[in-house]
Amino acid sequence: MRYAVNCSLLFTEVPLLERPAAAADAGFTAVEFWWPFATSVPSDAEVDRFVTAVGDAGVQLVGLNVAAGDMPAGDRGLVSWPGRETEFADTVAVIVGIGERTGCRAFNALYGNRLDGVDPQAQDDLGAANLALVAEAVAAIDGTVLLEPVSGAPAYPLCTAADVLAVLDRVGAPNTGLLADLYHLAVNGDDVDAVLAAHADRIAHVQVADAPGRGEPGTGELPLARQLDALADRGYAGWVALEYKPATTTTEGLAWLPREQRAAVQPA
Ligand SMILES: O=C(O)C(=O)CO
């Protein structure tokens, strides 16, 4: 497996711009981030600092979340949020620029919560249009748009792999894929083994955490090692990102993954 580490949930002991170097020190060569800026359209200087932090650390950025609103307040994406279309288009332009400069090619576009008083059909119509927009934009850099089922967000409508695949089928863009977060899928009650068996070819990125608790593998009850083996057997050769909340410290929590398995090379 080719592992990457999510620097929005791990290495939070140090400031965000120091995390790529912390990941490199721990033996990783690939990182991913949730949207790393306070606003959907950061200044050029903020983008420069982020790109420089990744480059100076010598790690590869292999996944980046598109701006998703105020995540600590509960927002989970702008894709299906009427009234924020211009902001979404502007932030897409920023991710394309970051992709050009870093080589990042996978962009996780969180779909967005259902909104009080807004017709779900209208949200889904906008969601399809915005996903088509971001897919077309990142196609220019050979990028892929990831769509993810999320747990712990009661108003987020995409809970299962089937929910995500139905949206992607509607969008119809070739450069989209399922982000199979094995934790979110399991917590939402999806049949993860069946998803991996039926849809390995549509999985463009994988994330792992154990459940309950969203801690590192081994802290819960999920059969993650077996499921990753099943994915490999079915030809999945993409990234597996560690996207969990370390039970104690990041370093202690990494004991489950021997250092020699942390470095990765880019999948062909
Ligand atoms: O909101 C979450 O839990 C996520 O995994 C975002 O990517």
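Helices (H or I, at least four residues) and strands (E, at least two) are DSSP runs, numbered from the N terminus.

**Entry 1: ground rules.** I am working with a predicted model, in which local features need pLDDT of at least 70, side-chain atom pairs count only at pLDDT 80 or more, and totals for chains, interfaces and linings use all residues. Residues are numbered from 1 along each chain as its sequence is written, and side-chain values use heavy atoms, with hydrogens and water left out.

Entry 2: The peptide bond joining Ala211 and Pro212 is cis, with omega about 0 degrees. Arg214 is found in the loop between strand 7 and helix 8 as well. I noted a positive phi for Arg214, near 60 degrees, in a residue other than glycine. Is Arg214 buried or exposed? I use these cut-offs: buried is under 20% relative accessible area, exposed is over 50%, and partly exposed is in between (1.4 Å probe, protein chains only). Arg214 has 10% relative accessibility, so I put it down as buried.

Entry 3: Next I went to the loop between strand 1 (2-6) and helix 1 (19-25), which holds Phe11. Phi of Phe11 is positive, near 60 degrees, and the residue is not glycine. I list Phe11 as buried because its relative accessibility is 6%.

Glu18 lies in the loop between strand 1 and helix 1 too. Its relative accessible area is 44%, so I list Glu18 as partly exposed. How far apart are the C-alpha atoms of Glu18 and Gly55? I read 12 Å for this pair, whose members are 37 residues apart along the chain.

Entry 4: Ala140 is in the loop between helix 4 (120-139) and strand 5 (144-147). I list Ala140 as exposed because its relative accessibility is 68%. From Ala140 I also looked across to Ala255, 115 residues away along the chain, and the C-alpha atoms are separated by 39 Å.

**Entry 5: the record.** I checked UniProt, where an unreviewed entry lists residues 21-258 as "domain: Xylose isomerase-like TIM barrel". UniProt positions are given in the numbering used here, feature names are shortened, and annotations may be inferred rather than shown by experiment. In the model, the span of residues 21-258 is 40% helix and 14% strand. The end C-alpha atoms of this span lie 19 Å apart.
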